[in-house]
Amino acid sequence: MSDLKGVQIQKWDGKKETFDRFDAQVTALASILEVEDALNESKFTGFPTDSEYDGFDLANLGANAQKAKIYQQNKRMCALLTLAQSSSHGLAIINKTKTADCKYGRADQIMKSLKTKYSPKDTGAKIEMELALDKLQFKFANDFYNQVMATTAMYSVSVSMTEEELCTLAAKKYRSAMYVKMILDHIRHAHAGMNTMDFEKIMDDITEIQRTSKSFGDDGRKLEKEVALNAVNDDGATKLKCPVNGCNGYHKKSECPKFKAEKAKKK
């Protein structure tokens, strides 16, 4: 980190997964240094060129006071954004906003371009986020929650998932019938107005149990001493699948029909 008159500038590595944090830090830094206007596109109306600013009488600005103010704020913000880059990605975008008569670039355009590239809001971003979430593994609830939050933080709020979607994701990911039922009950109770849909809360509840239990239901072999309360459809058929071979019904590996058949062939 670099230091500017007692204010620390957090370096950004140019990675998508760390951009939202960098964006928040830039906003906070602009507020501390009172240069927020440099991040507001609407404030650039009448923004002066370098040559125009050089012609101002800074001791007697008069009608040019606002133009001089935004020029100075932009100059400082562009410098800070440049110092914050620890990779070439951000620097390339900064350089794209520079012209022959705008040598420092435009801070508002820099952040707008970075947000478009590293915190997208379109349908493609939604699909990309869902694919990233689908790759996550659910073993410990607390770790899964942290992984989900880190993944969704890479995308704009406009493409984020609802609390119910996150709870449903966890239910699909987890192999323990007991914990799946806890999640599904949480969703059903929320629909019935018995509780608030809260992904963090249900993950905390499962984490509390996992901390006091030796069985985590993470590998298809160690299941809770059943309580195996399988989630079922209205017709009574189980919704759960064998984690070993994907056949219907949740059971230990040693009880899997396909596993037994394969084992018998080898004898």
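Which residues of helix α4 (residues 88–96) are buried?

The model is predicted, with local features requiring pLDDT of at least 70 and side-chain atom pairs pLDDT 80 or more, while totals for chains, interfaces and linings use all residues. Residues are numbered from 1 along each chain as its sequence is written, and side-chain values use heavy atoms, without hydrogens and water.

**View A. The buried face of helix α4.** Gly90, Ile93 and Ile94 are the buried residues of α4 (buried, under 20% relative accessible area; exposed, over 50%; 1.4 Å probe, protein chains only). Helices are DSSP runs of H or I with at least four residues, numbered from the N terminus. Because the buried residues fall within an arc of 105° seen down the axis of α4, they line one face of the helix; the arc is taken over directions from the helix axis to the C-beta atoms. These residues pack against α3 and α5 (107–118) (contact, heavy atoms within 4.5 Å). On the other side of α4, Ser88 and Lys96 are exposed.

**View B. The N-terminal cap of α4.** Ser87 caps this end of the helix, with a side-chain oxygen 3.5 Å from the backbone nitrogen of His89.

View C. Thr207 counts as buried, at 7% relative accessibility. Its side chain reaches the backbone nitrogen of Asn142 at 3.1 Å. Leaving aside neighbours within four places in sequence, Thr207 is in contact with Ala141 and Asn142.

Terms used: A polar contact is a pair of N or O atoms within 3.5 Å; within protein, one must be able to donate a hydrogen and the other to accept it, and residues adjacent in sequence count only if both atoms are side-chain atoms. Helices (H or I, at least four residues) and strands (E, at least two) are DSSP runs, numbered from the N terminus.
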